[in-house]
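Me: I'd like to learn how to read helix packing and a metal site. Can you take me through this one?

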Amino acid sequence: MPANPFNNFHDYGIGIGLRVPHYRHILEKKPVVDWFEIISENFMVDGGRPLEVLDQILEQYRVVQHGVAMYLGSADRLNREHLKKIKRLVRRTNTPWLSDHLCWGSVDGRYTHDLLPMPYTFAAAKTTADNIREASDFLGVPICVENVSSYAEFHASEMTEWEFLSEVVEKADCGILLDVNNIYVSSQNHGFDPYDYLNNVPHHRVGQIHIAGHSKFEKYILDTHDHPVLDPVWKMYAHAIKLVGKTATLLEWDDRIPTFDEVHQEALKANRFVEKQFQNAAA
Amino acid sequence: MATAVFRPLNARDGMQARWTDGRETSTVAESFIKPNDRLSSFERLEIYNRVYWFRVLDCLYDDYPGLRAIVGEKRFLDLATAYLAKYPSASFTLRNLGSRLEKFLGEEPQWVTPNEELALDMARFEWAQIVAFDDAALPQLTTDALDTPPAKLRVRLQPYLSLLELNFAVDKFLLAVKKREGDTLRDEASNTFEAMPQSSKRRRAVRLPKRERVLLAVHRYDNQLYYKRLEPEAFAILCGLANGLTVEKACVAGLAKTKRTKVDWPRQIQEWFHDWSALGWICQRKSVGGIVAG
Ligand SMILES: [Fe+2]
């Protein structure tokens with residue numbers, strides 16, 4: 001949805017991820033970009049260049065925080081120290097909403113630095129929803145929870161991934177960061193129809209969309225974020241926009257990062273689908 | 001699942017065939033992961049196991065080019081694997097992945113024979129650079145505080161500053177290594193798959209440094225990383241300050257072992273403090289409530 005409670009009523013357009021190889025270009029050329037998404041953890045440091053760059057970016061641009069280590073799906077309780085660090089960053093960035101993943105990734109104080117899939121059970125949905133509520137209350141901003149790419153499914157699962165996502169966000173009363181590429185990757189790895197996924201999540205809760213590239217291997221697809229967006233993902237994006245309306249959209253490009261202009265141009269392709277959708281709606 | 005993810009890969013970069021209790025890992029994988037028409041439960045779990053190790057090894061590979069040059073690429077990956085098997089990441093950020101490497105090398109020097117001391121120096125030096133990059137900067141000493149008599153004044157040094165007493169000129173060695181390799185920036189945290197670090201193409205190895213006592217400050221200025229060699233007396237004074245001595249006692253202790261007699265010490269010390277202040281190294285003992293007078 002364009003502006004809704006889950007993105008704190010902010011009507012953002014097309015953004016890109018803020019990445020180190022582009023710092024100099026952005027600070028020197030000051031290109032017009034609707035908004036940047038930052039990986040929160042890269043700026044949860046005590047000082048130095050990362051925060052200096054962030055402050056300079058914040059003077060000119062709108063920034064939204066995206067986390068990779070809150071581990072909202074963890075069976076352990078959320079790490080309070082980690083939440084405090086995020087909150088410090090929230091005060092700095094004034095992010096209107098923030099996002100993290102529907103996953104787990106650490107156990108007994110050991111970190112995998114990965115976004116591990118969850119068993120889709122009612123019990124896990126409840127624990128995750130409790131975690132999201134706790135985090136959102138503590139941080140004082142709405143949270144959009146993102147679906148991850150996965151390569152394994154559990155015997156223990158009691159429902160489909162989209163049913164699980166819906167169960168979690170309804171229970172937590174939070175938003176969705178709908179990663180269209182992740183849906184595509186998982187659909188290929190697990191053999192489901194990605195349009196069933198798109199059609200069956202609560203559309204009014206989508207506060208943000210991710211698009212990205214992936215890599216095909218012989219027997220599975222990996223979420224590599226090192227390519228332009230592939231055609232099947234653009235098609236899904238067009239369908240998603242039809243369902244949820246014009247929504248803040250962000251292109252993720254994390255590896256083999258090309259020039260700033262290439263990344264930005266790739267992201268702006270999303271406008272075609274948005275405009276087409278608008279024209280259709282007007283007609 | 002976490003147990004499987006953290007277990008080191010086998011020699012062919014695959015998941016180990018035997019589980020911790022001797023069962024077949026495939027049996028364990030089948031007990032909780034569904035197979036599909038292309039991949040077995042084992043193979044699906046193995047994707048996560050491989051991604052974990054590629055990611056963490058890649059991170060250490062980037063963060064420790066000097067240590068890598070000392071022990072060689074293959075041994076570096078073996079040592080990094082052994083280190084992470086013993087000390088898995090205990091932080092939300094990959095930035096801290098090497099925080100216990102110095103400890104590990106002290107405990108298990110067999111990974112770096114016959115260059116144990118050199119490797120340890122390099123591990124400390126490379127960690128100090130990570131600290132210098134993004135550790136906290138405290139408010140510098142105020143002019144008011146400078147009026148406090150040296151006998152009462154205690155200060156703190158910047159958290160991003162490391163003082164290293166080294167047995168080898170690892171600073172010059174690392175510069176030569178980086179010149180050879182082409183400097184690489186630390187990568188950002190990201191959640192995507194990364195390829196296994198590839199052994200660099202054959203390049204002429206940089207000659208290992210000879211034994212030489214080096215006293216080094218690793219710090220940042222204007223958010224750029226710097227190393228600065230220090231004279232023994234200056235190093236000792238800074239260590240005294242870092243350990244909480246008053247300025248006066250730190251100076252006395254710093255000069256206690258000097259054999260240099262032809263130096264105008266009061267002038268020299270004044271110059272040093274002037275330099276250190278200009279570099280921003282000297283700060284309030286406590287960030288709130290001003291200095292602590294002893
Ligand atoms: Fe994403």
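Me: At what angle do the axes of helix 6 and helix 8 of chain A cross?

Reply: Here's the general idea: two packed helices are described by the angle between their axes and the distance between the axes. In this predicted model, helix 6 (residues 180-190) of chain A and helix 8 (residues 231-244) of chain A cross at roughly 125°, and their axes come within 9 Å. The two helices are therefore oblique to each other, and their crossing is right-handed.

Me: Which residues of helix 6 and helix 8 of chain A make the contact?

Reply: Helix 6 of chain A brings V180(A), N181(A), I183(A) and Y184(A), while helix 8 of chain A brings P232(A), V233(A), M236(A), Y237(A) and A240(A). By class, that's 8 nonpolar, 1 polar and no charged.

Me: And how far apart are the axes of helix 4 and helix 5 of chain A?

Reply: They're 8 Å apart, with an angle of about 40° between helix 4 (residues 122-139) of chain A and helix 5 (residues 161-172) of chain A. That makes helix 4 of chain A oblique to helix 5 of chain A. Their contact has 8 nonpolar, 1 polar and 4 charged residues.

Me: Now the metal. What are the protein donors of the iron ion?

Reply: In general, ideal angles at a metal are 109.5 degrees for four tetrahedral donors. Here the donors are E146(A), D179(A), H210(A) and E252(A), at 2.0 to 2.3 Å from the iron ion. The 4 donor atoms subtend angles of 85 to 173°, so the arrangement is irregular. E146(A) sits in strand 7 of chain A and H210(A) in strand 9 of chain A, so this pair ties together parts 64 residues apart in sequence.

Terms used: Residues numbered from 1 in each chain as written. Chains lettered and ligands numbered in written order. Predicted model: local features only at pLDDT ≥ 70, side-chain atom pairs only at ≥ 80, totals over all residues. Heavy atoms only, no water. Axes fitted to C-alpha atoms, helices over the stretch in contact; angles between N-to-C directions. Helix = DSSP H or I, 4+ residues; strand = E, 2+ residues; numbered from the N terminus. Parallel < 35°, antiparallel > 145°, perpendicular 65-115°, else oblique. Nonpolar A, V, L, I, M, F, W, Y, C, P; charged D, E, K, R; others polar. Donors = N, O, S within 2.8 Å, 3.2 Å for Na, K, Ca; no water. Tetrahedral: all angles 85-135°; square planar, octahedral: opposite > 155°, others 65-115°. Left-handed = near helix turned anticlockwise from the far one by under 90°. Contact = heavy atoms within 4.5 Å.
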